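This report covers one protein chain. Look over the sequence and the fold before reading on.

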Amino acid sequence: AAYARNCGAADFENGILVFVDADVEIEKDTIAKLIHRIQTGHADATLGNYSSCNIEDLNFFQKYKQLYISKVYARNDGFVKNDFWTAICAIRADVFHGIEGFDSSYKGAAGEDTEFGIRLSQQNWRILSVPVATGKHLHFFDALKLIKNDFRKGVRTMSLYLNKGHSFSNHRHAKKNDIFAVFWAVNVALTTFIAISFSGAYSYQINALLVSASLLSYLVARYELISVFLKRNIAFLVRAIPLMYLLDLVRAFSVVIAIGVFLYLKPASKNTERRSLAADLGQ
């Protein structure tokens, strides 16, 4: 994906570059909204969003993903740092070429946009989120594809931040509630496991209370998304909550894997085989 975008931008040194993923259908005024903030000098790059409307023809998993992204990316109607999103975006051509475009050593489509955003922030270019510049994601998802997608991108992103030594400053997937939700998702799993494994050591009421308290804490942390899913209907919410919980466990697992690999590779930074492992992780 990085190589393709660089090829497309190669002959354009001036003006504004707009990138839209092949599986994204944008609204008729999306490009105008993206480039307006750049033309007026308020930003050097802009990021769009997925729409929460007109998604009836998508399957359940596609709807879930689109609603999740739409809500998460609508949080920031302002500048972001150390982050980029190439599904719907625009950037000054001179800025793009000034930092030598996307890193084409990245395989597939995961991580190259975040790495690009880190380099933009390092040089103090202004990345502005424009949530009203929307599109529709037509990529097919089922449960397995969604899990694999979130795991791969989670490992890639966490590995990138660890290797670059950057914080998740303004990262839209890692707000406090998101971090708490992942923590409580793991806590629910652990508490349930302990309650089942040591059911004879404690009374049924105590075990049920501990599991219920953990689950309630998780749901409170994810209230923002629950309210979005509830607007669809109760049936959608009932299906969405277990999927949301499972994907939060996947995020926790991806963070653990990324940290483990980072610690494993750190003492042997000159070992090319281990560096290759880090580069290919998540494929």
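## Basis

Helices (H or I, at least four residues) and strands (E, at least two) are DSSP runs, numbered from the N terminus. The model is predicted: local features need pLDDT of at least 70, side-chain atom pairs count only at pLDDT 80 or more, and totals for chains, interfaces and linings use all residues. Residues are numbered from 1 along each chain as its sequence is written, and side-chain values use heavy atoms, with hydrogens and water left out.

## Overall build

The protein chain holds eleven helices and six strands. Its C-alpha trace spans about 70 × 50 × 30 Å along the principal axes.

Buried residues make up 44% of the 283 residues. Buried means under 20% relative accessible area, exposed over 50%, and partly exposed in between (1.4 Å probe, protein chains only). Contact means heavy atoms within 4.5 Å. Among contacts between residues at least 6 apart in sequence, 79% join residues at least 24 apart.

## Nonpolar cores

A nonpolar core is a set of buried Ala, Val, Leu, Ile, Met, Phe, Trp, Tyr and Cys residues joined through side-chain atoms within 4.5 Å. The largest has 40 residues. Y50, Y64, W85, I88, Y218, F229 and M244 touch the most other members. Elements giving two or more residues to this core include α3 (60–73), β5 (88–92), α9 (223–232) and α10 (234–265). A second, separate core has 18 residues, among them F19, I91, I99 and F102.

Y64 shows the packing. Leaving aside neighbours within four places in sequence, Y64 is in contact with L146, F229, F236, A240, L243, M244 and L247.

## S70

S70 is found in helix α3. At 10% relative accessibility, S70 counts as buried. Beyond neighbours within four places in sequence, S70 is in contact with N49, Y50, S51 and S52.

## Two positive phi values

Most residues other than glycine have a negative phi. E100 has a positive one, near 65 degrees. E100 is found in the loop between α4 (93–98) and α5 (112–122). With a relative accessible area of 70%, E100 is exposed.

N124 also has a positive phi, near 60 degrees. N124 lies in the loop between α5 and β6. Its relative accessibility is 65%, so N124 counts as exposed.
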